[in-house]
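Subject: Structure handover

Hi,

Here is the structure for you to look through. Please open it alongside this note.

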Amino acid sequence: MNQQQALEAFSALSQETRLAVFRLLVTAGPDGLASGEIGEQLGVRQNTMSTNLGILLKAGLVNRVRDGRSVRYLANHDGISGLLGFLLEDCCGGQPELCRPLIRQLSCN
């Protein structure tokens, strides 16, 4: 991930509804959620939800897949990894032992 992509991702996450959507999709796991389900769970109108999902999609933080007549949205783990990698790229000045606690905290293990 380059600096421009990171700025776009941070910009997408800097709005309350989009951050809530992103966190909801991370929690939802690999099946994701239909856009209508997301709107219902967060109490957001469909047209507003579509706009916010489009911004997250453009930022590379979510993916979408067609599921019959509806569209499901999922957290884009490559985008998340790219953003975290960008943030930690120069971490600890070549002393990886300093980063281990942070890496453990980020690990799903």
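Below are notes on the pocket and then on the strands.

This is a predicted model: local features need pLDDT of at least 70, side-chain atom pairs count only at pLDDT 80 or more, and totals for chains, interfaces and linings use all residues. Residues are numbered from 1 along each chain as its sequence is written, and side-chain values use heavy atoms, with hydrogens and water left out.

The largest pocket holds about 430 Å³ of space. Its lining has 17 residues, and Phe-22, Val-26, Ile-80, Leu-84 and Leu-106 are the closest to the centre. (A pocket is an open set of points on a 1 Å grid over the protein atoms alone, where a 1.4 Å probe fits, with protein on both sides within 12 Å along at least five of seven lines; lining residues have an atom within 4 Å of a point.) Helices H1 (3–13), H2 (16–28), H5 (77–88) and H6 (96–106) each supply at least two lining residues. H5 gives the largest share, 6 residues. (Helices are DSSP runs of H or I, at least four residues; strands are runs of E, at least two.)

The strands

Strand E3 (residues 70–75) is mostly covered, with 5 of its 6 residues buried, meaning under 20% relative accessible area with a 1.4 Å probe, protein chains only. E3 runs antiparallel to E1 (residues 33–34), joined by 2 bridges. Ala-34 stands opposite Arg-72 there. E3 also runs antiparallel to E2 (residues 62–67), through 6 bridges. Arg-64 has Tyr-73 as its bridge partner. (Strands pair if DSSP finds at least two bridges between them.) In the E2–E3 hairpin, 2 residues lie between the strands, and Gly-68 takes a positive phi near 65°.

Best wishes

Notes. Grid points are joined across faces, edges and corners, and a volume is the space filled by probe spheres set on the points. Buried means under 20% relative accessible area, exposed over 50%, partly exposed in between (1.4 Å probe, protein chains only).
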